[in-house]
Amino acid sequence: MIWLTWRQFRLQALMVTAAIAVLAVFLAVTGPGVADDYDRYAGDFLKQLSMQRLNGYLYIVGQVLVYAAPPVIGAFWGAPLIARELEAGTHRLVWNQSISRTRWLVAKLAVTGLGAMAVTGLLSLAVTWWADPIDDAIGAGQTSGIFNVSRMLPPVFGARGVVPIGYAAFAFALGVAVGLVARRTVVAIAITLAAVIAVEVLSPMLLRPHLMTPVEATVVVTAENMRGFMLTGPEDDAEVVQIEAKLEGEGFWKISEHTVNSAGVVQTKLPQWLRDCGPPPPNGAVSPGRMSFEVCFQRLADEGYRQQIKYHPANRFWDLQWREAGIFLLLAAGLTGFCFWRIRRDLT
Amino acid sequence: MTTALKAQGLGKKYGRRWALTDCTLDVPAGRVVGLVGPNGAGKSTLLNLAVGMLTPTAGQIEVLGNPAGTSQRTKIGFVAQDTPTYARLSIADHLKLGARLNPRWDDSLAQARIQQLGLDPKQRAGKLSGGQRAQLALTLGVAKRPELLILDEPVAALDPLARREFLQDLMAAVTEQELSVILSSHLVSDVERSCDYLVVLVDSRVQVSGDIDTLLATHYRLVGPRRDEKSMPQNQYVVSASHTDRQSTYLIRTDEPVLDPAWAVSQLTLEDIVLAYMGRSTSAPQNNRPLLEVQR
């Protein structure tokens, strides 16, 4: 059965692993150089690195490939696994040999599914290893060019560590289950592609922030740590709706930030006078009541306004990684269970 | 073990539609059984229930003396409708598949059959003609060394020549291996050529079943002056009757010779018999299924 599984699967296997192998070779060749530069340039590392075109490309390609692997694997390894048999009627050939459907499915899922996880795992490992000096430098506060996203932030988090393995397992199991229900290869491929991409996009927004209770911090906005100032309404009668402060430290992932008043109530609108603290309007007309930043934020602090910030600190990286991967592995297990249940029922 | 297939009140429902209802039949082992019926009679459903591809909604089905679908896979060979094969795999790959998935696989038999058919083992199944594909599927079924080989409309898609070759081949394999065969078809001629036992299934009901030679020897057409059905002798079972003003035509089954000199007695072909039994059913109310197709 393992022979048959491999015989039917080798073409798709070859295509995906070839793409990953090419990248892996590039990463293996350039990786030691990146690590050397990290040691040599220390604080100027990222500035130096952003001048090397190849490494910039590799950084992006690696990122893209790790995100692309789960949908591609789900759509092209998972979806056709049963759907193609049902479509061509060959399930009636293979299920009437001397082995049971369950055993047939066990072999299919084990070979292809574990293959999917292994390939994605190796890809993620290679990318995580190669980008480690970069992530480290960003975590220490360096930024330059494209190298400015901490590994805690959604664009990078999902392309590091064990999360891609969880995505791959989930995508594969989803593809198989969709194929089993849809019974049409092309339909199953389309649904799986769309669903897995949607999951990759939505998971950082809807799932990841809740994997652990965020840390809360209360910060007083000062002229130095002010990072955002949002006005709405007509130019001459604008309202301040939001200000943002910078948190001490680097590499954390901010989930939310609210301004609360002295009573601790969340404010949707800030005092009217604060309008004059913002940057001057583009027409250059400076209003008579204009105050300096220092005075402004001192008054805000005196009146008891504080910023309430929820965030995941940088040292939670692996905790969040394992939790997210675990959840997707559980989902994959559930989908696999569904496949075993469904395949034992009537399918002609 | 004397029955190949036995069904009792067997029924199968797809969603709200019953594909097979209250089917009761008993097919002996050691025979080549032709299962004939119009499209939609439930032949495929019955055979799929027999090999365990489907589970019954009602009733029981036994294959080789055991409930269908329970770990009898080694003993039953199945050539599914349209004889599916893996288009991208070669003939040699298919034989390897058979060898790996079947403990009783007879590789020399499989190789010999492929050679005999003049097929190139390296050729992909997708490039084979319909007849060759059917032969490949049959090879897989036979080399598995089953006790019972079930074929679901194996020749439906083949041209007359390929059809004859396939059935001849099947017969050769059957005589060599002494296996029981159940073969479904909507064509009487296929069955006449290859089977020695007939089951006619219409609307999931068995209209007639029996040894083909016996069926041929006990059915007659009687043509004579008009006569009422009630006045027919007890030992003559009327299958069908048609009347004109002065003349009656009866199709009867009887174990005794017809001695009444009023009748002009003639023998029937198997097709006549089958059509007569089917005609009976189609005259029943709420039945608008197509009649048995007659081969051109």
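Author: Let us begin with a definition: two residues are in contact if their C-beta atoms, placed from the backbone, lie within 7 Å. The model discussed here is predicted.

Reader: Which residues of α5(A) and α7(A) meet in this sense?

Author: In α5(A), the residues L109(A), T112(A), G113(A), A116(A), M117(A), T120(A), G121(A) and S124(A) take part. Their counterparts in α7(A) are P164(A), I165(A), A168(A), A169(A), F172(A), A173(A) and V176(A). By class, this contact of α5(A) with α7(A) comprises 10 nonpolar, five polar and no charged residues.

Reader: What makes α5(A) and α7(A) roughly antiparallel?

Author: The axes of helix α5 (residues 101–139) of chain A and helix α7 (residues 163–182) of chain A cross at roughly 150° and come within 8 Å. Angles over 145 degrees count as roughly antiparallel, and α5(A) is therefore described in this way relative to α7(A). The crossing of these two helices, α5(A) and α7(A), is right-handed.

Reader: Why are α3(A) and α8(A) also given a name of this kind, roughly antiparallel?

Author: Helix α3 (residues 53–88) of chain A and helix α8 (residues 185–207) of chain A have axes that cross at roughly 155° and come within 8 Å. The cut-off is again over 145 degrees, so α3(A) and α8(A) are roughly antiparallel to each other. The crossing of α3(A) and α8(A) is right-handed. Among the residues that meet are Y67(A) and R84(A) in α3(A), and T185(A) and E200(A) in α8(A). The contact of α3(A) with α8(A) divides into 13 nonpolar, four polar and three charged residues.

Reader: Why are β12 and β14 of chain B said to stand at the edges?

Author: The open sheet has four strands in the order β12-β13-β11-β14 (chain B), with antiparallel pairing. β12 (237–243) and β14 (264–267) of chain B each have a single partner strand, so one side of each is left without a neighbour in the sheet. From one strand to the next, the twist averages 20°.

Reader: How do you know that β12(B) and β13(B) pair?

Author: Pairing requires at least two bridges. β12(B) and strand β13 (residues 247–253) of chain B have six bridges, in the antiparallel sense. S242(B) stands opposite T249(B) in β13(B).

Reader: Where in chain A is the confidence highest, and where is it lowest?

Author: Confidence is highest in α7(A), at a mean of 97, and lowest in strand β2 (residues 226–232) of chain A, at 79. Chain A averages a pLDDT of 89, and 95% of the residues score at least 70.

Terms used
Residues numbered from 1 in each chain as written. Chains lettered and ligands numbered in written order. Predicted model: local features only at pLDDT ≥ 70, side-chain atom pairs only at ≥ 80, totals over all residues. Axes fitted to C-alpha atoms, helices over the stretch in contact; angles between N-to-C directions. Parallel < 35°, antiparallel > 145°, perpendicular 65-115°, else oblique. Left-handed = near helix turned anticlockwise from the far one by under 90°. Nonpolar A, V, L, I, M, F, W, Y, C, P; charged D, E, K, R; others polar. pLDDT = per-residue confidence, 0-100.
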